[in-house]
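Subject: Handing over the two-chain model

Hi,

Here is the structure I promised to pass on to you. Please open it first, and then read my notes below alongside it.

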Amino acid sequence: MLKEISRKNAVHIMLVYTGGCNGCDIEVVNAVMSPFYDMEQYKVMLTWNPREADILAVTGPVTKKFEKALKEIYEAIPEPKLVAAIGTCAITGGPYANLGGDLGSSDQIIGGVAKVIPVDANIPGCPPRPEDILQAVASVIPLLAGKR
Amino acid sequence: MADTDRKERAEVEVPLGIVHSALLEPFRTRLFVDDEMVVDAEITYDTAHRGIERIMEGMPVQKGLILTERICGICSHIHIWNGTRMVERGLGIEVPQRAHYIRVIGAELERLHSHLLFFGHAFEILGHETFSMRAFMIREPVQNMLFVLSGNRVHYTIPVLGGIRPRCDIDKQKKQTLLSMLATLEESLIQFRDRTLNDSLIVSRVRDIGYLSKEDAVKYGALGPNMRASGIAYDWRMDVSEYRDNFDFEIAVSDGGMVVDRVAVRVAECIESISIIRQALETLPDEEPVNVSFELGPMEYQVSYNEAARGEIYDSCALDDNGRILSYQNRTPTMSSLSAMEVACIGDHLTDATITIASCDPCLTCTNRMTVIDEARGREYILEPEELRRLARRRG
Ligand code: SF4
(Lines give C-alpha, C1' and ligand atoms only; values in the text may rest on other atoms or scores of the structure.)
Protein backbone atom coordinates (compact mmCIF):
# COMPACT_ATOMS: atom_id res chain seq x y z
CA MET A 1 0.00 0.00 0.00
CA LEU A 2 2.60 2.49 1.11
CA LYS A 3 4.81 1.29 -1.70
CA GLU A 4 2.07 1.83 -4.24
CA ILE A 5 1.40 5.35 -3.12
CA SER A 6 5.00 6.30 -3.13
CA ARG A 7 5.65 4.77 -6.51
CA LYS A 8 2.70 6.61 -7.97
CA ASN A 9 4.03 9.90 -6.70
CA ALA A 10 7.51 9.60 -8.06
CA VAL A 11 8.33 8.08 -11.42
CA HIS A 12 11.79 6.64 -11.74
CA ILE A 13 13.41 6.28 -15.11
CA MET A 14 16.24 3.86 -15.52
CA LEU A 15 18.47 4.89 -18.37
CA VAL A 16 20.32 2.16 -20.18
CA TYR A 17 22.65 2.90 -23.00
CA THR A 18 23.10 -0.15 -25.15
CA GLY A 19 25.65 1.03 -27.65
CA GLY A 20 24.45 4.13 -29.50
CA CYS A 21 26.46 7.22 -30.06
CA ASN A 22 25.77 8.87 -26.70
CA GLY A 23 23.75 11.65 -28.27
CA CYS A 24 20.40 10.33 -27.08
CA ASP A 25 21.86 9.37 -23.77
CA ILE A 26 23.01 12.86 -22.97
CA GLU A 27 19.79 14.43 -24.15
CA VAL A 28 17.86 12.25 -21.71
CA VAL A 29 20.15 13.14 -18.84
CA ASN A 30 19.81 16.73 -19.96
CA ALA A 31 16.03 16.56 -20.01
CA VAL A 32 15.70 14.92 -16.62
CA MET A 33 18.55 16.21 -14.53
CA SER A 34 19.82 19.46 -15.92
CA PRO A 35 18.30 22.55 -14.38
CA PHE A 36 17.20 23.89 -17.73
CA TYR A 37 14.54 21.31 -18.58
CA ASP A 38 14.44 19.79 -15.14
CA MET A 39 11.99 16.93 -15.28
CA GLU A 40 12.75 16.30 -11.62
CA GLN A 41 10.39 19.10 -10.73
CA TYR A 42 7.57 16.84 -11.93
CA LYS A 43 8.91 14.11 -9.68
CA VAL A 44 10.47 12.19 -12.51
CA MET A 45 13.87 10.94 -11.40
CA LEU A 46 16.73 9.11 -13.02
CA THR A 47 17.97 5.99 -11.37
CA TRP A 48 20.48 3.28 -12.10
CA ASN A 49 18.86 0.68 -9.92
CA PRO A 50 16.41 -1.53 -11.80
CA ARG A 51 14.60 -2.46 -8.62
CA GLU A 52 13.36 1.05 -8.06
CA ALA A 53 12.61 1.88 -11.67
CA ASP A 54 9.22 2.31 -13.32
CA ILE A 55 10.26 3.21 -16.81
CA LEU A 56 13.16 1.64 -18.63
CA ALA A 57 14.55 4.12 -21.16
CA VAL A 58 16.82 2.50 -23.70
CA THR A 59 19.00 4.52 -26.05
CA GLY A 60 21.06 3.14 -28.86
CA PRO A 61 20.85 -0.06 -30.88
CA VAL A 62 21.18 -3.26 -28.90
CA THR A 63 24.57 -4.84 -29.43
CA LYS A 64 24.86 -8.59 -29.17
CA LYS A 65 27.06 -8.22 -26.14
CA PHE A 66 24.39 -6.24 -24.36
CA GLU A 67 21.43 -8.51 -25.05
CA LYS A 68 21.76 -10.59 -21.92
CA ALA A 69 22.35 -7.62 -19.66
CA LEU A 70 19.33 -5.79 -21.08
CA LYS A 71 17.07 -8.79 -20.54
CA GLU A 72 18.30 -9.15 -16.98
CA ILE A 73 17.69 -5.50 -16.26
CA TYR A 74 14.19 -5.77 -17.72
CA GLU A 75 13.43 -8.80 -15.57
CA ALA A 76 14.66 -7.04 -12.46
CA ILE A 77 12.25 -4.12 -12.77
CA PRO A 78 9.13 -4.72 -10.72
CA GLU A 79 5.68 -4.68 -12.36
CA PRO A 80 4.12 -2.47 -13.59
CA LYS A 81 6.83 -1.28 -15.93
CA LEU A 82 7.12 0.54 -19.21
CA VAL A 83 9.85 0.50 -21.79
CA ALA A 84 10.68 3.53 -23.90
CA ALA A 85 12.94 3.29 -26.92
CA ILE A 86 14.59 6.66 -27.33
CA GLY A 87 16.12 7.69 -30.64
CA THR A 88 16.13 6.20 -34.08
CA CYS A 89 18.78 3.70 -33.11
CA ALA A 90 16.74 2.23 -30.30
CA ILE A 91 13.69 1.99 -32.55
CA THR A 92 15.18 0.45 -35.69
CA GLY A 93 18.87 0.00 -35.10
CA GLY A 94 19.58 3.21 -36.98
CA PRO A 95 22.48 3.52 -39.34
CA TYR A 96 24.39 0.72 -37.66
CA ALA A 97 21.96 -2.14 -38.04
CA ASN A 98 22.09 -2.58 -41.76
CA LEU A 99 25.33 -2.79 -43.66
CA GLY A 100 23.41 -2.17 -46.85
CA GLY A 101 23.43 -3.96 -50.19
CA ASP A 102 24.54 -7.53 -50.27
CA LEU A 103 26.21 -7.32 -46.90
CA GLY A 104 22.96 -7.68 -45.01
CA SER A 105 22.68 -7.14 -41.32
CA SER A 106 25.48 -6.32 -38.95
CA ASP A 107 27.42 -8.90 -37.01
CA GLN A 108 27.60 -6.78 -33.94
CA ILE A 109 24.09 -5.44 -33.65
CA ILE A 110 20.76 -7.10 -33.11
CA GLY A 111 18.73 -4.04 -34.03
CA GLY A 112 16.03 -2.13 -32.26
CA VAL A 113 15.11 -2.68 -28.64
CA ALA A 114 11.80 -4.25 -29.63
CA LYS A 115 13.71 -7.30 -30.86
CA VAL A 116 14.84 -8.02 -27.32
CA ILE A 117 12.19 -6.77 -24.93
CA PRO A 118 8.63 -5.45 -25.42
CA VAL A 119 8.54 -1.70 -26.04
CA ASP A 120 5.67 0.60 -25.03
CA ALA A 121 6.79 3.94 -26.40
CA ASN A 122 8.98 5.03 -29.27
CA ILE A 123 10.52 8.48 -29.30
CA PRO A 124 12.06 9.13 -32.71
CA GLY A 125 14.80 11.61 -33.50
CA CYS A 126 18.53 11.60 -33.86
CA PRO A 127 18.61 12.51 -31.07
CA PRO A 128 15.14 13.58 -29.94
CA ARG A 129 15.10 17.08 -28.48
CA PRO A 130 14.72 17.30 -24.72
CA GLU A 131 11.31 18.88 -25.28
CA ASP A 132 10.21 15.75 -27.14
CA ILE A 133 11.45 13.56 -24.33
CA LEU A 134 9.56 15.67 -21.79
CA GLN A 135 6.41 15.40 -23.82
CA ALA A 136 6.82 11.67 -24.30
CA VAL A 137 7.34 11.03 -20.62
CA ALA A 138 4.33 13.17 -19.79
CA SER A 139 2.26 11.09 -22.19
CA VAL A 140 3.34 7.68 -20.87
CA ILE A 141 2.78 8.43 -17.21
CA PRO A 142 -1.02 7.87 -17.53
CA LEU A 143 -0.18 4.55 -19.16
CA LEU A 144 1.77 3.63 -16.08
CA ALA A 145 -1.14 4.57 -13.88
CA GLY A 146 -3.45 2.50 -16.10
CA LYS A 147 -1.20 -0.50 -15.80
CA ARG A 148 -1.42 -0.24 -12.09
CA MET B 1 47.72 -2.69 -14.99
CA ALA B 2 48.01 -6.28 -15.07
CA ASP B 3 50.17 -7.59 -12.41
CA THR B 4 48.64 -10.90 -11.50
CA ASP B 5 50.43 -11.04 -8.17
CA ARG B 6 49.00 -7.79 -6.97
CA LYS B 7 45.55 -8.91 -8.00
CA GLU B 8 45.81 -12.13 -6.11
CA ARG B 9 47.07 -10.38 -3.03
CA ALA B 10 44.13 -7.98 -3.07
CA GLU B 11 41.55 -8.57 -0.39
CA VAL B 12 38.45 -7.56 -2.23
CA GLU B 13 37.51 -7.07 -5.81
CA VAL B 14 35.02 -4.32 -6.45
CA PRO B 15 33.37 -4.60 -9.82
CA LEU B 16 31.57 -1.56 -11.22
CA GLY B 17 29.47 -1.73 -14.33
CA ILE B 18 28.60 -2.44 -17.01
CA VAL B 19 25.65 -0.31 -15.98
CA HIS B 20 26.60 1.87 -13.08
CA SER B 21 25.56 5.31 -12.02
CA ALA B 22 29.08 6.62 -11.67
CA LEU B 23 30.13 5.45 -15.07
CA LEU B 24 27.10 6.41 -17.19
CA GLU B 25 28.45 4.50 -20.11
CA PRO B 26 28.76 0.78 -20.41
CA PHE B 27 32.18 -0.23 -19.36
CA ARG B 28 33.35 -2.51 -16.69
CA THR B 29 35.86 -1.55 -14.08
CA ARG B 30 37.35 -4.05 -11.72
CA LEU B 31 39.09 -2.47 -8.80
CA PHE B 32 41.30 -4.68 -6.69
CA VAL B 33 41.19 -3.32 -3.24
CA ASP B 34 43.36 -3.96 -0.24
CA ASP B 35 42.21 -2.33 2.97
CA GLU B 36 40.30 0.39 1.13
CA MET B 37 43.25 1.18 -1.09
CA VAL B 38 43.20 0.38 -4.77
CA VAL B 39 46.12 -1.86 -5.62
CA ASP B 40 45.20 -2.64 -9.18
CA ALA B 41 42.54 -1.74 -11.68
CA GLU B 42 41.28 -3.21 -14.87
CA ILE B 43 38.96 -1.54 -17.31
CA THR B 44 37.17 -3.47 -20.02
CA TYR B 45 34.98 -1.99 -22.68
CA ASP B 46 33.42 -3.97 -25.42
CA THR B 47 29.68 -3.72 -25.15
CA ALA B 48 29.14 -0.85 -27.54
CA HIS B 49 31.01 -2.12 -30.55
CA ARG B 50 28.99 -1.34 -33.66
CA GLY B 51 31.42 -2.02 -36.49
CA ILE B 52 31.16 1.41 -38.10
CA GLU B 53 34.43 1.10 -40.01
CA ARG B 54 33.09 -2.05 -41.58
CA ILE B 55 29.79 -0.44 -42.50
CA MET B 56 31.64 2.35 -44.25
CA GLU B 57 33.47 0.09 -46.68
CA GLY B 58 32.02 0.53 -50.14
CA MET B 59 29.91 3.55 -49.22
CA PRO B 60 30.01 6.69 -51.33
CA VAL B 61 32.41 8.97 -49.53
CA GLN B 62 29.87 11.73 -48.77
CA LYS B 63 27.57 9.22 -47.13
CA GLY B 64 30.41 7.62 -45.24
CA LEU B 65 31.49 10.97 -43.86
CA ILE B 66 28.02 11.58 -42.45
CA LEU B 67 28.21 8.22 -40.77
CA THR B 68 31.48 9.19 -39.08
CA GLU B 69 29.49 11.78 -37.25
CA ARG B 70 27.36 9.04 -35.71
CA ILE B 71 30.43 7.57 -34.04
CA CYS B 72 29.89 9.90 -31.14
CA GLY B 73 27.15 12.19 -29.97
CA ILE B 74 29.51 14.40 -28.00
CA CYS B 75 32.33 15.03 -30.42
CA SER B 76 30.39 14.54 -33.62
CA HIS B 77 31.69 17.56 -35.52
CA ILE B 78 35.35 16.75 -35.16
CA HIS B 79 34.87 13.32 -36.73
CA ILE B 80 33.16 14.61 -39.84
CA TRP B 81 35.51 17.59 -40.05
CA ASN B 82 38.62 15.49 -39.82
CA GLY B 83 37.29 13.03 -42.38
CA THR B 84 36.31 15.81 -44.74
CA ARG B 85 39.69 17.51 -44.42
CA MET B 86 41.41 14.28 -45.22
CA VAL B 87 39.40 13.66 -48.39
CA GLU B 88 39.74 17.29 -49.47
CA ARG B 89 43.48 17.09 -49.09
CA GLY B 90 43.63 13.76 -50.91
CA LEU B 91 41.58 14.94 -53.87
CA GLY B 92 43.02 18.45 -53.94
CA ILE B 93 39.67 20.17 -53.36
CA GLU B 94 39.95 23.87 -52.61
CA VAL B 95 38.07 25.05 -49.59
CA PRO B 96 37.07 28.69 -49.06
CA GLN B 97 38.53 30.36 -46.01
CA ARG B 98 35.03 31.21 -44.76
CA ALA B 99 34.23 27.50 -44.51
CA HIS B 100 37.37 26.90 -42.46
CA TYR B 101 36.32 29.61 -40.03
CA ILE B 102 32.85 28.19 -39.57
CA ARG B 103 34.23 24.70 -39.10
CA VAL B 104 36.53 26.01 -36.39
CA ILE B 105 33.58 27.71 -34.69
CA GLY B 106 31.74 24.38 -34.71
CA ALA B 107 34.72 22.55 -33.27
CA GLU B 108 35.26 25.07 -30.48
CA LEU B 109 31.59 25.10 -29.50
CA GLU B 110 31.83 21.37 -29.35
CA ARG B 111 34.87 21.53 -27.10
CA LEU B 112 32.96 23.87 -24.81
CA HIS B 113 29.93 21.64 -24.48
CA SER B 114 32.06 18.55 -24.08
CA HIS B 115 34.15 20.08 -21.29
CA LEU B 116 31.06 21.44 -19.56
CA LEU B 117 29.52 18.01 -19.68
CA PHE B 118 32.68 16.73 -18.09
CA PHE B 119 32.38 19.21 -15.22
CA GLY B 120 28.74 18.27 -14.75
CA HIS B 121 29.61 14.61 -14.65
CA ALA B 122 32.71 14.92 -12.49
CA PHE B 123 31.08 17.11 -9.84
CA GLU B 124 28.07 14.83 -9.80
CA ILE B 125 30.42 11.97 -8.93
CA LEU B 126 31.98 14.08 -6.22
CA GLY B 127 28.50 14.58 -4.86
CA HIS B 128 28.58 18.32 -5.33
CA GLU B 129 25.16 18.75 -6.93
CA THR B 130 25.24 22.53 -6.97
CA PHE B 131 28.31 22.83 -9.14
CA SER B 132 27.21 19.95 -11.28
CA MET B 133 23.89 21.67 -11.97
CA ARG B 134 25.70 24.92 -12.59
CA ALA B 135 27.83 23.26 -15.25
CA PHE B 136 24.76 21.79 -16.93
CA MET B 137 23.10 25.18 -16.80
CA ILE B 138 26.05 26.87 -18.50
CA ARG B 139 26.12 24.10 -21.06
CA GLU B 140 22.59 24.78 -22.23
CA PRO B 141 23.41 28.11 -23.95
CA VAL B 142 26.24 26.35 -25.78
CA GLN B 143 23.77 23.82 -27.13
CA ASN B 144 21.55 26.71 -28.13
CA MET B 145 24.43 28.35 -29.96
CA LEU B 146 24.99 25.14 -31.87
CA PHE B 147 21.29 25.11 -32.61
CA VAL B 148 21.43 28.66 -33.91
CA LEU B 149 24.51 27.87 -35.98
CA SER B 150 23.36 24.63 -37.54
CA GLY B 151 19.77 23.81 -36.67
CA ASN B 152 20.49 20.82 -34.48
CA ARG B 153 21.66 20.33 -30.95
CA VAL B 154 23.74 17.22 -31.34
CA HIS B 155 24.55 16.02 -34.85
CA TYR B 156 25.10 19.29 -36.66
CA THR B 157 26.73 18.00 -39.88
CA ILE B 158 28.41 21.31 -40.67
CA PRO B 159 31.17 20.30 -43.14
CA VAL B 160 30.54 18.92 -46.58
CA LEU B 161 33.20 18.21 -49.21
CA GLY B 162 34.37 21.60 -50.46
CA GLY B 163 33.10 23.74 -47.61
CA ILE B 164 30.14 23.84 -45.28
CA ARG B 165 26.46 23.19 -45.70
CA PRO B 166 24.67 26.41 -46.67
CA ARG B 167 22.28 26.12 -43.72
CA CYS B 168 25.28 26.51 -41.40
CA ASP B 169 26.45 29.71 -43.05
CA ILE B 170 26.60 32.70 -40.74
CA ASP B 171 24.73 35.76 -41.96
CA LYS B 172 24.71 39.15 -40.30
CA GLN B 173 21.88 38.40 -37.93
CA LYS B 174 23.22 35.02 -36.91
CA LYS B 175 26.56 36.62 -36.23
CA GLN B 176 25.00 39.20 -33.91
CA THR B 177 23.01 36.54 -32.08
CA LEU B 178 26.05 34.32 -31.67
CA LEU B 179 28.23 37.18 -30.48
CA SER B 180 25.77 38.28 -27.85
CA MET B 181 25.22 34.70 -26.67
CA LEU B 182 28.98 34.32 -26.51
CA ALA B 183 29.34 37.37 -24.28
CA THR B 184 26.84 36.03 -21.75
CA LEU B 185 28.47 32.63 -21.87
CA GLU B 186 31.90 34.08 -21.24
CA GLU B 187 30.67 35.96 -18.22
CA SER B 188 29.11 32.89 -16.63
CA LEU B 189 32.11 30.72 -17.49
CA ILE B 190 34.53 33.12 -15.84
CA GLN B 191 32.37 33.16 -12.74
CA PHE B 192 32.27 29.39 -12.83
CA ARG B 193 36.05 29.18 -13.19
CA ASP B 194 36.71 31.49 -10.27
CA ARG B 195 34.27 29.72 -8.04
CA THR B 196 35.27 26.17 -8.89
CA LEU B 197 39.01 26.51 -8.68
CA ASN B 198 38.80 28.51 -5.46
CA ASP B 199 36.21 26.36 -3.80
CA SER B 200 37.92 24.65 -0.91
CA LEU B 201 35.42 21.80 -0.85
CA ILE B 202 35.92 20.85 -4.48
CA VAL B 203 39.65 21.37 -4.44
CA SER B 204 40.18 19.35 -1.28
CA ARG B 205 38.33 16.48 -2.90
CA VAL B 206 40.27 16.44 -6.18
CA ARG B 207 43.70 17.42 -4.97
CA ASP B 208 46.38 14.77 -4.47
CA ILE B 209 44.49 11.95 -6.10
CA GLY B 210 44.81 10.16 -9.39
CA TYR B 211 48.43 11.02 -9.94
CA LEU B 212 49.68 10.41 -13.45
CA SER B 213 53.34 11.24 -13.88
CA LYS B 214 54.74 12.64 -17.10
CA GLU B 215 56.54 9.36 -17.78
CA ASP B 216 53.39 7.30 -17.29
CA ALA B 217 51.42 9.71 -19.43
CA VAL B 218 53.85 9.05 -22.25
CA LYS B 219 54.10 5.35 -21.57
CA TYR B 220 50.37 4.64 -21.53
CA GLY B 221 49.57 7.31 -24.09
CA ALA B 222 47.33 9.73 -22.26
CA LEU B 223 46.08 12.27 -24.76
CA GLY B 224 44.55 15.70 -24.96
CA PRO B 225 43.84 17.53 -21.71
CA ASN B 226 44.96 14.47 -19.71
CA MET B 227 48.38 14.67 -21.27
CA ARG B 228 48.55 18.44 -20.88
CA ALA B 229 47.63 18.09 -17.21
CA SER B 230 50.70 15.90 -16.78
CA GLY B 231 52.97 18.59 -18.17
CA ILE B 232 53.25 17.70 -21.84
CA ALA B 233 52.59 20.85 -23.81
CA TYR B 234 51.23 19.56 -27.05
CA ASP B 235 47.99 20.16 -28.83
CA TRP B 236 47.23 19.23 -32.43
CA ARG B 237 45.74 22.67 -32.93
CA MET B 238 49.31 23.96 -32.99
CA ASP B 239 49.80 22.00 -36.22
CA VAL B 240 46.41 22.13 -37.87
CA SER B 241 46.70 24.96 -40.41
CA GLU B 242 43.07 26.10 -39.97
CA TYR B 243 43.91 27.04 -36.40
CA ARG B 244 47.57 27.87 -36.61
CA ASP B 245 47.38 30.33 -39.49
CA ASN B 246 44.23 32.15 -38.51
CA PHE B 247 43.88 32.47 -34.76
CA ASP B 248 45.83 33.39 -31.65
CA PHE B 249 45.40 31.05 -28.76
CA GLU B 250 47.31 29.50 -25.94
CA ILE B 251 47.70 25.94 -24.89
CA ALA B 252 46.74 25.26 -21.30
CA VAL B 253 49.28 23.14 -19.48
CA SER B 254 49.71 22.08 -15.88
CA ASP B 255 52.47 19.98 -14.34
CA GLY B 256 50.65 18.45 -11.41
CA GLY B 257 49.19 15.34 -13.03
CA MET B 258 46.44 15.16 -10.41
CA VAL B 259 42.70 15.16 -10.93
CA VAL B 260 42.63 18.83 -10.02
CA ASP B 261 45.02 19.60 -12.86
CA ARG B 262 42.86 17.75 -15.34
CA VAL B 263 39.94 19.88 -14.22
CA ALA B 264 41.94 23.11 -14.31
CA VAL B 265 43.33 22.47 -17.79
CA ARG B 266 39.83 21.97 -19.10
CA VAL B 267 38.54 25.11 -17.45
CA ALA B 268 41.35 27.11 -19.05
CA GLU B 269 40.62 25.52 -22.42
CA CYS B 270 37.00 26.63 -22.25
CA ILE B 271 38.06 30.24 -21.87
CA GLU B 272 40.51 29.86 -24.79
CA SER B 273 37.75 28.37 -26.96
CA ILE B 274 35.59 31.40 -26.37
CA SER B 275 38.37 33.65 -27.53
CA ILE B 276 38.87 31.56 -30.69
CA ILE B 277 35.14 31.66 -31.49
CA ARG B 278 35.08 35.42 -31.02
CA GLN B 279 38.09 35.91 -33.28
CA ALA B 280 36.49 33.71 -35.92
CA LEU B 281 33.14 35.49 -35.78
CA GLU B 282 34.66 38.93 -35.90
CA THR B 283 37.05 38.28 -38.77
CA LEU B 284 34.81 36.01 -40.84
CA PRO B 285 35.87 36.45 -44.51
CA ASP B 286 33.13 37.45 -46.90
CA GLU B 287 32.81 34.85 -49.66
CA GLU B 288 30.88 31.81 -50.81
CA PRO B 289 31.05 29.18 -48.08
CA VAL B 290 31.23 26.17 -50.36
CA ASN B 291 33.15 25.20 -53.47
CA VAL B 292 31.14 22.81 -55.62
CA SER B 293 33.45 22.50 -58.62
CA PHE B 294 35.39 19.35 -57.94
CA GLU B 295 35.46 15.80 -59.21
CA LEU B 296 35.44 12.73 -57.07
CA GLY B 297 37.92 10.13 -58.08
CA PRO B 298 40.39 7.61 -56.79
CA MET B 299 42.37 8.65 -53.74
CA GLU B 300 45.52 7.21 -52.35
CA TYR B 301 45.69 6.31 -48.70
CA GLN B 302 45.48 9.53 -46.68
CA VAL B 303 45.72 10.36 -43.03
CA SER B 304 44.54 13.30 -41.03
CA TYR B 305 44.91 14.34 -37.42
CA ASN B 306 43.07 16.89 -35.36
CA GLU B 307 42.48 17.84 -31.76
CA ALA B 308 39.13 16.65 -30.45
CA ALA B 309 37.86 17.72 -27.05
CA ARG B 310 39.49 14.65 -25.54
CA GLY B 311 42.71 14.63 -27.53
CA GLU B 312 44.15 13.43 -30.76
CA ILE B 313 41.85 12.00 -33.38
CA TYR B 314 43.20 10.17 -36.37
CA ASP B 315 41.42 9.19 -39.55
CA SER B 316 42.68 7.44 -42.62
CA CYS B 317 41.02 6.18 -45.73
CA ALA B 318 41.44 5.45 -49.42
CA LEU B 319 38.88 5.82 -52.22
CA ASP B 320 38.30 3.76 -55.34
CA ASP B 321 37.63 5.09 -58.87
CA ASN B 322 34.03 5.96 -58.16
CA GLY B 323 34.78 7.80 -54.93
CA ARG B 324 33.68 4.91 -52.74
CA ILE B 325 35.46 4.14 -49.51
CA LEU B 326 37.91 1.27 -49.77
CA SER B 327 38.74 1.16 -46.12
CA TYR B 328 38.30 3.61 -43.33
CA GLN B 329 40.09 3.81 -40.07
CA ASN B 330 39.41 6.04 -37.14
CA ARG B 331 41.26 6.22 -33.87
CA THR B 332 40.04 8.22 -30.95
CA PRO B 333 41.71 9.38 -27.75
CA THR B 334 39.70 7.68 -25.02
CA MET B 335 41.24 4.27 -25.46
CA SER B 336 44.73 5.26 -24.48
CA SER B 337 43.62 7.89 -21.97
CA LEU B 338 41.53 5.30 -20.20
CA SER B 339 44.40 2.85 -19.97
CA ALA B 340 46.46 5.62 -18.42
CA MET B 341 43.72 5.92 -15.80
CA GLU B 342 44.19 2.29 -14.85
CA VAL B 343 47.59 3.37 -13.61
CA ALA B 344 46.39 6.61 -12.12
CA CYS B 345 43.90 4.89 -9.77
CA ILE B 346 46.53 2.73 -8.15
CA GLY B 347 47.31 3.91 -4.65
CA ASP B 348 44.11 5.85 -4.31
CA HIS B 349 41.39 5.37 -1.80
CA LEU B 350 38.53 3.30 -3.21
CA THR B 351 36.16 6.25 -3.11
CA ASP B 352 38.54 8.31 -5.20
CA ALA B 353 38.87 5.76 -7.96
CA THR B 354 35.65 6.63 -9.78
CA ILE B 355 36.50 10.31 -9.96
CA THR B 356 39.96 9.45 -11.19
CA ILE B 357 38.53 7.33 -13.96
CA ALA B 358 35.98 9.99 -14.80
CA SER B 359 38.66 12.66 -14.78
CA CYS B 360 40.02 11.47 -18.10
CA ASP B 361 36.57 12.24 -19.51
CA PRO B 362 35.97 8.78 -20.92
CA CYS B 363 33.66 8.52 -23.87
CA LEU B 364 33.08 4.96 -24.82
CA THR B 365 31.14 5.18 -28.03
CA CYS B 366 34.24 5.46 -30.11
CA THR B 367 36.46 3.28 -28.02
CA ASN B 368 34.92 -0.13 -28.48
CA ARG B 369 37.13 -1.66 -31.04
CA MET B 370 39.91 -4.09 -31.84
CA THR B 371 37.75 -6.89 -33.01
CA VAL B 372 39.67 -10.03 -33.76
CA ILE B 373 38.27 -12.17 -36.51
CA ASP B 374 39.28 -15.73 -35.95
CA GLU B 375 38.34 -17.24 -39.27
CA ALA B 376 39.48 -20.74 -38.52
CA ARG B 377 37.09 -21.01 -35.61
CA GLY B 378 34.55 -18.73 -37.21
CA ARG B 379 34.11 -16.37 -34.32
CA GLU B 380 34.66 -12.75 -33.67
CA TYR B 381 35.52 -11.07 -30.43
CA ILE B 382 36.94 -7.93 -29.03
CA LEU B 383 40.39 -8.14 -27.62
CA GLU B 384 40.34 -7.45 -23.94
CA PRO B 385 43.40 -6.91 -21.79
CA GLU B 386 42.94 -10.38 -20.29
CA GLU B 387 42.98 -12.01 -23.68
CA LEU B 388 45.85 -9.91 -24.89
CA ARG B 389 47.91 -11.18 -22.02
CA ARG B 390 46.82 -14.73 -22.69
CA LEU B 391 47.82 -14.39 -26.30
CA ALA B 392 51.13 -12.91 -25.27
CA ARG B 393 51.77 -15.77 -22.91
CA ARG B 394 50.93 -18.28 -25.58
CA ARG B 395 53.47 -16.67 -27.85
CA GLY B 396 56.09 -16.67 -25.17
S1 SF4 C 1 19.55 7.95 -32.64
FE2 SF4 C 1 21.22 9.31 -33.33
S3 SF4 C 1 21.81 10.39 -31.46
FE4 SF4 C 1 20.66 8.62 -30.81
S5 SF4 C 1 22.16 7.00 -30.41
FE6 SF4 C 1 21.47 6.78 -32.55
S7 SF4 C 1 22.94 7.93 -33.79
FE8 SF4 C 1 23.15 8.61 -31.66
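Let me start with how H3 of chain B packs. The buried residues of H3(B) pack against helix H5 (94-97) of chain A, and also against helix H2 (52-56), helix H4 (76-91), strand E7 (311-319) and strand E8 (325-331) of chain B. H3(B) itself covers residues 61-69, and its buried residues are Val61(B), Gly64(B), Leu65(B), Leu67(B), Thr68(B) and Glu69(B).

A few conventions before we go on. This is a predicted model, in which local features need pLDDT of at least 70 and side-chain atom pairs count only at pLDDT 80 or more, while totals for chains, interfaces and linings use all residues. Residues are numbered from 1 along each chain as its sequence is written, chains are lettered from A and ligands numbered from 1 in the order in which they are written, and side-chain values use heavy atoms, with hydrogens and water left out.

As for terms, helices (H or I, at least four residues) and strands (E, at least two) are DSSP runs, numbered from the N terminus. Buried means under 20% relative accessible area, exposed over 50%, and partly exposed in between (1.4 Å probe, protein chains only). A contact means heavy atoms within 4.5 Å, and two strands pair if DSSP finds at least two bridges between them.

**The sheet in chain B**

Three of the strands in chain B form an open antiparallel sheet in the order E6-E7-E8. Strand E6 (299-308) and E8 are its edges, each pairing on one side only. E7(B) and E8(B) are joined by 6 bridges, and Ala318(B) stands opposite Ser327(B) in E8(B).

**The parallel strands of chain A**

In chain A, strand E1 (residues 11-17) runs parallel to strand E2 (residues 44-47), with 4 bridges between them. E1(A) is also parallel to E3(A), this time over 5 bridges. Met14(A) stands opposite Thr47(A) in E2(A) and opposite Leu56(A) in E3(A). E3(A) pairs in the parallel sense with strand E5 (residues 82-86) as well, over 5 bridges, and there Ile55(A) stands opposite Leu82(A).

Is strand E3 (residues 55-59) of chain A enclosed or open? It is largely enclosed by the rest of the structure, because 5 of its 5 residues are buried. Ile55(A), Ala57(A) and Thr59(A) cover one side, and Leu56(A) and Val58(A) the other. In a regular strand the side chains alternate between the two faces of the sheet.

Leu109(B) touches residues including Val142(B), Met145(B) and Ile277(B).

Arg111(B) also sits in helix H5 (residues 97-126) of chain B. This arginine is buried, with a relative accessible area of 2%, and its contacts beyond four places in sequence include Arg237(B), Tyr243(B), Glu269(B) and Glu307(B).

**The ligand**

Finally, the ligand lies between chains A and B.

Enjoy looking around!

Note on methods:
Near = heavy atom within 4 Å.
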